[in-house]
Amino acid sequence: MKHYLKKLEETIRQRWNQKALCDYEGDAFTYSDLATNIEQFRLFLNEAGITKRNKIAICARNSARWAMSFWSINVNGCVAVPLLAEFHPNSVATLTHHSDSVILFTEEGIWEKLNPERMPALKAAINVKDGRLLWHRDEKVAKAWNNREKAFALRYPSGMSPENVKFSTNNMDKLAIINYTSGTTGNPKGVMLTYGALSDTDEFANSHFPNHPGETIVSMLPMAHMYGLAIEFIHPNVDGVTVYFLGKTPSPTTLLKAMKEVKPYMVVTVPLVMEKIYAKSIQPTLEKMHRLFAIPFAKNLIYKIVRKKLLSAFGGQVRCFIMGGAPLKPEVEQCFCAMRLPFTVGYGMTEACPLLGWEWWTEFVPGSCGKPVHEIRIDSDDPKNVAGEIQARGQNITVGYYKNPEANAVSFTDDGWFRTGDLGTMDEEGNIFIRGRIKSMILNSSGQNIYPEELEAVLSGCPYVAEPLVVERNGKLVALVYPDIPEDLDEESRRGIPELIRTTANKSLPIYSKLQKVELMDVPFEKTPKMSIKRFLYK
């Protein structure tokens with residue numbers, strides 16, 4: 001297995017003047033700029049007395065400079081601790097302290113809300129945007145940081161050349177990242193991932209959805225989450241793909257504008273983004289042409305035209321849309337399949353760096369989340385028909401949770417398999433089907449296992465449903481629904497929406513899992529960066 005940093009080293013040498021990292025409609029940095037930044041950081045670490053394996057946190061919105069900071073930390077052997085910019089200031093301080101981070105790369109607006117006294121190990125805070133020192137506790141560190149460019153000029157009076165680039169790769173078993181989970185259960189845990197895990201993910205990606213030097217990709221997922229970090233950034237960038245960062249969650253209009261201009265080879269996203277595009281663009285177009293579907297051959301022709309239009313809107317170079325983090329609405333999935341849109345829905349989690357299930361779009365089975373990336377087993381006597389916990393092992397799997405022996409003790413089986421906490425089945429071809437989370441499973445009075453996610457899939461196809469969540473209250477199944485109601489709908493029809501949703505859903509549900517009530521929500525559900533609903537808030 002080839003180390004991903006060896007690939008980055010070779011790419012920097014071979015593509016010295018090519019753009020490597022860009023802010024969409026903003027700053028752009030070449031691979032030579034990246035090499036210079038990494039070397040300046042190495043000189044800073046040496047002068048500051050910060051050694052390898054020290055923890056360095058990054059808490060800022062996505063940007064090319066965020067990526068430069070990450071590479072500088074990661075290449076030089078320190079442990080990167082990416083923290084979501086959306087975390088509450090108290091969480092940022094708590095996790096910076098818990099991770100033992102000695103440096104924090106952040107933004108001025110975030111830093112102003114933090115209390116350094118809550119982070120006693122922290123030596124300095126640095127502004128990601130301009131490299132300015134925001135605060136310091138250690139004079140030696142401050143002096144080294146402010147002196148880094150001068151130290152670089154003394155070392156390389158004529159600047160760096162490709163021949164100067166040499167990265168250490170004898171660290172496969174060493175800790176590379178502590179990535180805190182986004183808190184669907186309310187308690188973030190520090191997932192420890194090695195250089196070997198990142199190399200393993202990159203190797204799988206190269207063999208299953210390869211890229212080519214000089215291609216482009218748009219990064220819109222949080223890089224403080226492993227899905228965006230590994231698949232949208234590390235894997236493409238080490239192979240010579242120019243990464244363009246949007247900086248924040250884009251509107252469909254902004255997203256499509258960026259896609260059309262950048263012309264990415266691959267789109268990595270969450271189902272919610274594609275569902276919005278379907279609702280605002282594809283569905284209205286198909287509804288206008290619905291009468292023509294009765295004409296022989298017209299339906300396939302219409303789907304072909306819509307597919308071509310959508311691919312063109314994304315720049316015309318997309319070979320595959322990769323979706324993960326949540327299931328795709330069945331009606332949207334059916335439409336994409338009918339269009340022969342090159343999409344696949346994968347399965348992963350932070351602890352797997354992040355891939356567990358994947359299949360190329362031509363072989364992808366609708367309703368599944370691909371085939372095992374490495375080893376997966378279902379803890380069930382009948383894995384094809386009876387859901388059991390999905391368990392995994394492989395070099396991509398976490399080595400444990402940072403300073404959390406309680407979580408480590410319950411996260412692995414006695415024979416070394418990682419417990420995902422997900423319930424699923426697997427067919428004879430190895431396709432994985434997620435049934436729900438163990439913690440969210442409902443056991444009714446008759447002993448039936450009810451998986452809320454399966455009911456929510458049915459609800460998502462009901463009229464006026466934008467976001468559903470099924471909970472148990474006093475032994476009854478209740479659907480919480482954030483609705484999508486047309487503004488011109490009359491008041492009487494509005495009052496009947498909850499019962500319409502309930503009766504429509506119940507027509508497709510077995511007796512033991514029929515809904516007793518539907519409640520409409522005034523605001524969307526709170527979500528993690530993966531766009532998963534924070535279930536623990538709605539119990």
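Figure 1. Trp 111 is buried, with a relative accessible area of 10%; buried means under 20% relative accessible area, exposed over 50% and partly exposed in between (1.4 Å probe, protein chains only). This is a predicted model, in which local features need pLDDT of at least 70 and side-chain atom pairs count only at pLDDT 80 or more, while totals for chains, interfaces and linings use all residues. Residues are numbered from 1 along each chain as its sequence is written, and side-chain values use heavy atoms, with hydrogens and water left out. The structure holds 22 aromatic pairs; rings of Phe, Tyr and Trp (its six-membered ring) pair if their centres lie within 6.5 Å, with planes under 30 degrees apart counted as stacked, over 60 as edge-to-face and the rest as tilted. The ring centres of Trp 111 and Trp 135 are 5.5 Å apart and their planes stand at 40°, so the pair is tilted.

**Figure 2. The aromatic pair of Phe 336 and Phe 343.** These two rings form an edge-to-face pair, 5.6 Å centre to centre and with 65° between the planes. Phe 336 is buried, with a relative accessible area of 0%, and Phe 343 is buried as well, at 2%.

**Figure 3. Charges over aromatic rings.** A charge sits over a ring if NZ of Lys or CZ of Arg is within 6 Å of the ring centre and within 35 degrees of the ring normal. Arg 148 lies over the face of Trp 145, at 3.8 Å from the ring centre. Lys 189 lies over the face of Tyr 401, at 5.2 Å from the ring centre.
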